[in-house]
Amino acid sequence: MALFTRTAPAPACERLALFATLDACFTADLAAVIGSDLPQHDLDFTRFIYLVEEVRDVLGASGHRPWQEASKDLDIAADHLTDALTAPAEDQAAALAWARTHLRDAITAAT
């Protein structure tokens, strides 16, 4: 009788899954905020961060106060996303969770 044990996912796989989740949840909304076409495929880590930064810059350049506030949240989200790429495995989930919070707040403020 064989025993099967469940092993924890490798840190790189876990990070990939978390980024893929953020991509799936937020890419369409971020693109819609600036009137951009939805990317035809999933974004890799850096392309997702570039999209966040692009939306941040567009909203930050406006004179509309809620959009400027959304831009600040996107700036913080971009920082957390970048940190997650280089953070030790045990800190990545927390950085991505903070990024998710700021992404959600930014999209709410911008729409």
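Is Arg56 buried or exposed? Arg56 is buried, with a relative accessible area of 18%; buried denotes under 20% relative accessible area, exposed over 50%, and partly exposed the range in between (1.4 Å probe, protein chains only). The structure is a predicted model, in which local features need pLDDT of at least 70 and side-chain atom pairs count only at pLDDT 80 or more, while totals for chains, interfaces and linings use all residues. Residues are numbered from 1 along each chain as its sequence is written, and side-chain values use heavy atoms, with hydrogens and water left out.

**Overall architecture**

- The chain contains four helices and zero strands; helices (H or I, at least four residues) and strands (E, at least two) are DSSP runs, numbered from the N terminus.
- The order of elements along the sequence is α-α-α-α.
- Among the 111 residues of the chain, 32% count as buried.
- The accessible surface of the chain is about 7000 Å², and carbon and sulfur atoms account for 57% of that surface; the areas come from the Shrake-Rupley method with a 1.4 Å probe, and for residues only the protein chains shown count as cover.
- Of the contacts in the chain with a separation of 6 or more, 60% are between residues 24 or more positions apart, where contact means heavy atoms within 4.5 Å.

**Nonpolar core**

- The largest nonpolar core has 23 residues, and those touching the most other members are Leu30, Phe48, Val52, Leu74, Leu81 and Leu103. Such a core is a set of buried Ala, Val, Leu, Ile, Met, Phe, Trp, Tyr and Cys residues joined through side-chain atoms within 4.5 Å.
- At least two residues of this core come from each of helix H1 (11–33), helix H2 (45–60), helix H3 (65–86) and helix H4 (89–110).
- H4 supplies the largest share of this core, with seven residues.
- Leaving aside residues up to four places away in sequence, Leu30 touches Phe48, Leu51, Val52, Val55, Leu74, Leu103 and Ile107.

**Helix H4**

- The 22 residues of H4 should span 32 Å at 1.5 Å a residue, and its end C-alpha atoms are 32 Å apart, which agrees. The expected span is 1.5 Å times one less than the number of residues in the helix.
- The buried residues in H4 are Gln92, Ala95, Leu96, Ala99, His102, Leu103, Ala106, Ile107 and Ala110.
- Viewed down the axis of H4, its buried residues fall within an arc of 135 degrees, so they line one face of the helix; the arc is that of the directions from the helix axis to the C-beta atoms.
- Glu90 and Thr108 are exposed residues on the face of H4 turned away from its buried side.

- Leu18 belongs to helix H1 and is partly exposed, with a relative accessible area of 30%.
- Although Leu18 and Gln92 are 74 residues apart along the chain, their C-alpha atoms are separated by 9.2 Å.
- Leu18 touches Ala93 and Leu96, when residues up to four places away in sequence are not counted.
- Ser71 lies in helix H3 and is buried, with a relative accessible area of 10%.
- With residues up to four places away in sequence again not counted, Ser71 touches Arg56, Leu59 and Gly60.

**Salt bridges**

- Side chains of opposite charge can pair when their charged atoms come close.
- The chain has three salt bridges, each defined by a side-chain nitrogen of Lys or Arg within 4 Å of a carboxyl oxygen of Asp or Glu.
- Another joins the side chains of Arg56 and Asp75 (3.1 Å, N to O). Arg56 lies in helix H2 and Asp75 in helix H3, so the pair ties together parts that are 19 residues apart in sequence.
- Asp75 is partly exposed, with a relative accessible area of 33%.
- The side chains of Glu69 and Lys72 also form a salt bridge (3.4 Å, N to O). Glu69 and Lys72 are three residues apart in helix H3 and therefore separated by about one helical turn.
- Glu69 counts as partly exposed at 32% relative accessibility.
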